Amino acid sequence: MTQTLVPTVADRLRAIVGSDHVITQPDRLVAYESDGLTAYRVAPRAVVLPETTEQVSKVLEVLHGEGIDVIPRGAGTGLSGGALPSSDGVIVGTARMNRILSIDDQNRLATVQPGVINARLTKATEPYGLYYAPDPASQSACTLGGNVAENSGGPHCLKYGVTSRYVTGLTVVMADGEVVRFGGAGLEAAAGLDLVGLFVGSEGCFGIATEIEVRLLPKAEGVRTLLGLFDTMAAAGHAVTDIISSGLMPAAVEIVDHATIVAVEASVFAAGYPTDAGAALVIEFDGTEAGLDDDANRAEQCCLAAGAIEVRRAASEEERIGLWKGRKKAFGAMGRIAPDLLVQDATVPRTRLPEVLARITEIGEEYGLNIANVFHAGDGNLHPNILFDRQNQDELERVERASREIMTLCVSVGGTITGEHGVGIDKRGYMPLVHNEVELEMLRRARWVFDPGGNLNPGKVVQ
Ligand SMILES: Cc1cc2nc3c(=O)[nH]c(=O)nc-3n(C[C@H](O)[C@H](O)[C@H](O)COP(=O)(O)OP(=O)(O)OC[C@H]3O[C@@H](n4cnc5c(N)ncnc54)[C@H](O)[C@@H]3O)c2cc1C
């Protein structure tokens, strides 16, 4: 049962951020009951939407003084329940902290507020011939603050690496409202321990990032995009292994399975993928023009040798967008199949992909569940998408049992329980699969150093 906020506390928060930016009305709180992990829903006591570091600091000072838990929230696209509220907690959202504070093209750096949408940063840096490399498939909605907290990846992180490689400085508001600054000025070297590195991936448990300095990259001179079509996922999996082991360095290698192709093609996002294909592989190379055609030819040969029925190649930017469409719109299209979707996230050694995918199909059959796969194949980062209806309690329980079995399977072949979506609430129970008690205690202590009172995002990551 959600507790209401004491009127005097609500009034103090309104005095800091303005009365329109403290939400306490139950009908408006519904929008904040869950993130992208819709299986879990809890209404918070209130949502506070500050605009500046100073406001965040004052808000946290009030909440800390009252002993009220704080749940940081960006766009709420997280898939592990990281921004799931607690019934006695208050969400501090960054939707109004959406300013790009500076773009320094000479030093290839940008400083942004945490509520800036990922794709907006790339758009803003385009006139300088630059872009922001980490590109989660949710990049048109997710925020830089969420990306930092989850250490997010994306299709092109195969070549370019995940968020931690790009964050060079942070302004952080601690649980008690204290403002601290880590790193900055694009410097690689930390004076002492690397606090920026420690903070990235802390899932809202260490503090609220209110200013983020990131490294930008120059736009690649050229790009080549291929779509490999296969009869089976196993054949596509073999092509991935062959491409990587041949020494090629694609920017992205993404897989879409048959169930997903059918869903996309039946939707408004239809991308022209053949619906009888068992799997599609989107492969992209970028860099200096010289050599790109050779790379694309070699990748095509790998696909054909692994049994591809067809390999298409984009001849223009418009065609490139078309080849990517079936991958990029996959999640949206799945809404046609079932009301709810649990996007699982695990990583396995690339060479184990074919056997793991075959076993995941069997697990789906054993539990009577529809599982569709769309994922970052190049780095072995699986996303089995379990489709279900959360109103059906029996189905929900089967989803949870199947998830645990998939996680156990991935760990048993040398993988781990998350690639990029974080632990949040969803994976907390799986942590003992990959950490012993000593390691878990280290994580608890690291958390304590930043938040001794345990008020920031309690119940997430590790208990
Ligand atoms: C369709 C779809 C595709 C996706 N594809 C990818 C993908 O390719 N790669 C990938 O990595 N992820 C992907 N995701 C997951 C998600 O988009 C990322 O985790 C993203 O970084 C979350 O950003 P957000 O702004 O929505 O954060 P939220 O969901 O609001 O929050 C995520 C976590 O960050 C914390 N947080 C938010 N802002 C701050 C802040 N300023 N300071 C401290 N903590 C904060 C929250 O407490 C929470 O723990 C996808 C999600 C969807 C729905």
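Two residues are in contact here if their C-beta atoms, placed from the backbone, lie within 7 Å. By that rule, among contacts between residues at least 6 apart in sequence, 73% join residues at least 24 apart.

This is a predicted model: local features need pLDDT of at least 70, side-chain atom pairs count only at pLDDT 80 or more, and totals for chains, interfaces and linings use all residues. Residues are numbered from 1 along each chain as its sequence is written.

Let's look at the layout. The protein is divided into four domains, with bounds from an automatic or database domain assignment.

| Domain | Residues |
|---|---|
| domain 1 | 7–93 |
| domain 2 | 100–218 |
| domain 3 | 222–332 |
| domain 4 | 340–372 + 386–453 |

The centres of domain 1 and domain 4, taken over C-alpha atoms, are 27 Å apart. Their contact takes 11 residues from domain 1 and 14 residues from domain 4.

Now to the ligand. Domain 1 and domain 2 both give residues to the shell around the ligand, so the ligand lies between them. Of the 36 residues around the ligand, Gly74, Gly82, Gly145, Gly146 and Gly204 come nearest; a residue is near if its C-beta atom, placed from the backbone, lies within 6 Å of the molecule. The elements β3 (69–73), α5 (144–150) and β10 (208–215) each supply at least two shell residues, and α5 gives the largest share, five residues. Helices (H or I, at least four residues) and strands (E, at least two) are DSSP runs, numbered from the N terminus.

Finally, along its principal axes the C-alpha trace spans about 70 × 55 × 45 Å.
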